[in-house]
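I would like to walk you through one model, and I will keep to what can be read from its atoms.

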Amino acid sequence: MELHDIQRGVLSPRPSPYAATYLLFRIDDRAHGRELMRRIAAAVTSAADTLSPLGETWVSVAVTYHGLRALGVPQPALDTMAWEFRQGMAARATALSDTAGSAPEHWEAPLGSPDVHVVLVALAPDEPTLEAAIDRARPAYEGLSGVTAIWRQNCHALPTETEPFGYRDGISHPAVDGSGIPGSNPLEKPLAAGEFVLGYPDELGGVQTTTPDVLGRNGSYVAFRKLHQDVAGFRRFLRANSAGPDEEEQLAAKLMGRWRSGAPLALCPVHDDPEVGADRDRNNAFLFRQDDPDGFATPGGSHIRRANPRDSAVAGEPRLHRMIRRGTAYGPLLPEGVLDDDGADRGLIFAFVGAHLGRQFEFAQSQWMNDGVFFGGDDARDPIVGSGEGLSDYTIPRRPVRRRLPAVPRFVTTRGGEYAFMPSLSALRWLGELTD
Ligand code: HEM
């Protein structure tokens with residue numbers, strides 16, 4: 001892979017712990033937008049740059065369809081990009097189950113609007129280093145009156161290294177063939193580079209290209225979503241369906257497929273083992289089919305088994321729906337034990353990175369999270385992120401009889417999001433040099 005040309009944020013697992021800031025920009029003046037691209041090309045580190053003095057601090061940039069138009073990319077070139085990308089996330093609301101309270105008309109402005117053109121993400125191991133990364137990127141947009149910052153979202157590492165529901169996050173990521181960056185599961189064969197980066201053969205042997213080639217090559221699509229989490233509601237659900245704190249933890253594990261420590265049920269089916277949870281060599285080293293085909297340890301409907309069925313017998317080929325994820329928490333921690341909502345906005349900025357918005361992100365979101373057909377025919381949804389609205393059941397396989405939890409509420413609400421494209425470093429320069 002041409003690592004020197006690929007943005008570092010595509011392939012490198014994020015540091016842990018970490019802090020991040022999302023900045024969105026609108027381009028009102030094409031020439032200033034192009035100047036932004038030129039300058040930002042100098043601030044973005046490449047995937048080959050792992051030994052840079054900046055260490056685990058980096059800036060990534062992505063541009064939406066409306067952003068590429070604002071930069072003056074010719075329409076015939078835009079037409080060679082992915083169909084879903086050209087539609088934008090808000091237009092895909094029905095397919096993504098962004099309905100009721102998650103519908104685009106309730107999204108936080110300007111998310112989902114044609115004003116979102118450029119997405120800048122700065123990521124660092126801690127807040128002071130993050131501020132330094134933002135300072136380093138600031139000259140790229142300062143003084144450009146035709147480029148306006150329209151939204152900022154600070155994200156942070158919770159002291160517990162968990163997402164707001166309390167689970168360790170950022171564990172499972174795929175190995176990408178030719179990247180030299182190892183995956184987290186030694187039992188998973190590396191995925192073809194073209195699954196994540198344009199211009200390389202994918203698992204089906206196809207190569208995604210654009211015309212001109214420089215626009216797409218070594219770039220990736222991203223989907224970012226601001227997902228509000230009803231932490232108090234989630235805790236009340238656990239409490240209402242358990243006989244005590246131990247059972248609450250067991251139920252939490254059965255919903256996720258992992259104990260909150262990160263230890264997978266596949267390896268620790270009866271008791272939590274925080275040492276396994278924290279051990280990067282062990283916490284993702286498992287498959288499902290041989291040891292647990294019927295989901296007695298890891299329920300087929302649990303979040304991680306839906307999101308990545310690994311070698312489970314499901315309709316379709318799981319390797320075609322893998323994704324690189326970057327989740328970063330936002331908002332204040334809800335103090336331990338509190339069961340009433342305090343009204344604060346907290347959740348996850350979820351980010352998908354891949355070469356196939358449709359068959360990776362949209363497929364996982366619509367078929368695996370929000371449809372039961374792949375997992376046995378009923379209309380049950382993902383218990384953590386599904387759009388069940390209290391209409392969907394959750395089944396925990398057990399002997400002698402399975403446990404069925406009726407009416408799982410919706411715990412996660414979409415507050416907005418966008419599809420964007422993370423160009424290669426040479427594409428950023430190409431965008432900067434466009435002339436009318
Ligand atoms: C607020 C919403 C969400 C929460 C709290 C959440 C939480 C988690 C946690 C705790 C894990 C296990 C740790 C890990 O493997 O890194 C996980 C794994 C995963 N999640 Fe989510 N997630 C959310 C939304 C989503 C969405 C929207 C998608 C995709 C459409 C998704 C896809 C995945 C995938 C692919 C994995 C890895 C599964 C594996 O390889 O075992 N998640 N998530």
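I will begin with the ligand and its surroundings, and then turn to a pair of strands. Please keep in mind throughout that this is a predicted model.

The ligand sits in the largest cavity, and of the 26 residues around the ligand, those that come nearest are Ile-171, Ser-172, His-303, Arg-310 and Arg-325. If we ask which elements build this shell, strand S5 (220–229), H11, S7 and helix H12 (357–369) each contribute at least two residues.

Turning to the oxygen atoms of the ligand, we find several polar side chains within reach of a contact. For Ser-172, a polar side-chain atom lies 2.5 Å from a ligand oxygen; for Arg-325, an N or O atom of the side chain is 2.8 Å from a ligand oxygen; and for Asp-169, the corresponding distance from a polar side-chain atom to a ligand oxygen is 3.4 Å.

Finally, the strands. Strand S6, residues 324–330, is mostly covered, with 6 of its 7 residues buried, and S6 is joined by 7 bridges to strand S7, residues 347–354, the two running antiparallel. Within that pairing, Arg-326 has Ala-351 of S7 as its bridge partner, and S7, as I mentioned, is also one of the elements that supply residues to the shell around the ligand.

Terms used. Residues are numbered from 1 along each chain as its sequence is written. This is a predicted model: local features need pLDDT of at least 70, side-chain atom pairs count only at pLDDT 80 or more; totals for chains, interfaces and linings use all residues. Side-chain values use heavy atoms; hydrogens and water are left out. Buried means under 20% relative accessible area, exposed over 50%, partly exposed in between (1.4 Å probe, protein chains only). Helices (H or I, at least four residues) and strands (E, at least two) are DSSP runs, numbered from the N terminus. Two strands pair if DSSP finds at least two bridges between them. A residue is near a molecule or strand if one of its heavy atoms lies within 4 Å of it. A polar contact is a pair of N or O atoms within 3.5 Å; within protein, one must be able to donate a hydrogen and the other to accept it, and residues adjacent in sequence count only if both atoms are side-chain atoms. On a 1 Å grid over the protein atoms alone, a cavity is a set of points where a 1.4 Å probe fits but cannot get out, and a pocket is an open set with protein on both sides within 12 Å along at least five of seven lines; lining residues have an atom within 4 Å of a point. A molecule sits in a cavity or pocket if more than half of its atoms lie within 2 Å of its grid points.
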